[in-house]
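The sequence and model are shown below.

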Amino acid sequence: MLRNGATQVFRQLVRHQSTDTSLILERSINRVQLLGRVGQDPVMRQVEGRNPVTIFSMATNEMWRSGDVETSPAGDVSQKTTWHRVSIFKPGLRDVAYQYVKKGSRVLVEGKLDYGEYVDKNNVRRQATTIIADNIIFLSDNIRGREQ
């Protein structure tokens with residue numbers, strides 16, 4: 001009976017504190033999906049004392065017609081390529097990506113955005129945006145390790 005009473009008091013205390021706006025945790029989402037082509041064969045790196053990471057670059061393209069499409073449907077087509085850095089820490093996925101992803105492969109990468117800083121070889125502080133992948137879907141047949 002004492003235990004039951006203590007449980008009720010604890011629940012009331014938690015319920016009371018959770019109404020305080022500083023303690024309410026909001027749900028948020030950090031998700032990204034990229035569909036494009038791999039720009040380089042993956043590399044696996046390991047920083048001392050940390051788990052290995054597989055890294056590769058990926059390109060996505062955006063295309064549009066310049067001019068008024070209604071009056072000139074044969075307008076010039078322009079294209080913009082955006083490069084993304086993809087990092088994979090998840091052990092099984094990291095190893096599969098390292099083994100099978102190849103430059104030129106068409107892949108769908110799902111993950112989250114991560115922002116960080118690093119110091120380049122000239123001691124200049126730079127910002128970096130990385131996709132931390134938690135899923136990769138292979139969409140082309142040209143995968144590394146397969147005989148051509």
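Strands are DSSP runs of E of at least two residues, numbered from the N terminus. The model discussed here is predicted.

## Overall fold

The protein contains two helices and six strands. Their order from the N terminus is α-β-β-β-β-α-β-β. Among contacts with a separation of 6 or more, 61% join residues 24 or more positions apart.

Of the 148 residues, 25% are buried.

In soluble globular proteins, nonpolar side chains tend to be buried together. Here, the largest nonpolar core comprises 15 residues, and the members that touch the most others are Phe56, Met58, Val86, Ile88, Val109 and Ile136. At least two residues of this core come from each of strand 1 (32-38), strand 3, strand 4, helix 2 (91-100), strand 5 and strand 6.

Beyond its neighbours within four places in sequence, Phe56 is in contact with Val38, Gln40, Pro42, His84, Arg85, Val86, Ile88, Val109 and Ile136.

## Largest pocket

The largest pocket has a volume of about 460 Å³. Its lining consists of 17 residues, and those nearest the centre are Arg50, Arg85, Ser87, Phe89 and Thr130. By class, the lining includes eight nonpolar, four polar and five charged residues.

Strand 3 (53-65), strand 4 (77-88), strand 5 (106-119) and strand 6 (125-138) each contribute at least two lining residues. Strand 5 gives the most, with five residues.

Key: Residues are numbered from 1 along each chain as its sequence is written. This is a predicted model: local features need pLDDT of at least 70, side-chain atom pairs count only at pLDDT 80 or more; totals for chains, interfaces and linings use all residues. Side-chain values use heavy atoms; hydrogens and water are left out. On a 1 Å grid over the protein atoms alone, a cavity is a set of points where a 1.4 Å probe fits but cannot get out, and a pocket is an open set with protein on both sides within 12 Å along at least five of seven lines; lining residues have an atom within 4 Å of a point. Grid points are joined across faces, edges and corners, and a volume is the space filled by probe spheres set on the points. Helices (H or I, at least four residues) and strands (E, at least two) are DSSP runs, numbered from the N terminus. Ala, Val, Leu, Ile, Met, Phe, Trp, Tyr, Cys and Pro count as nonpolar, Asp, Glu, Lys and Arg as charged, and the others, Gly among them, as polar. A nonpolar core is a set of buried Ala, Val, Leu, Ile, Met, Phe, Trp, Tyr and Cys residues joined through side-chain atoms within 4.5 Å. Buried means under 20% relative accessible area, exposed over 50%, partly exposed in between (1.4 Å probe, protein chains only). Contact means heavy atoms within 4.5 Å.
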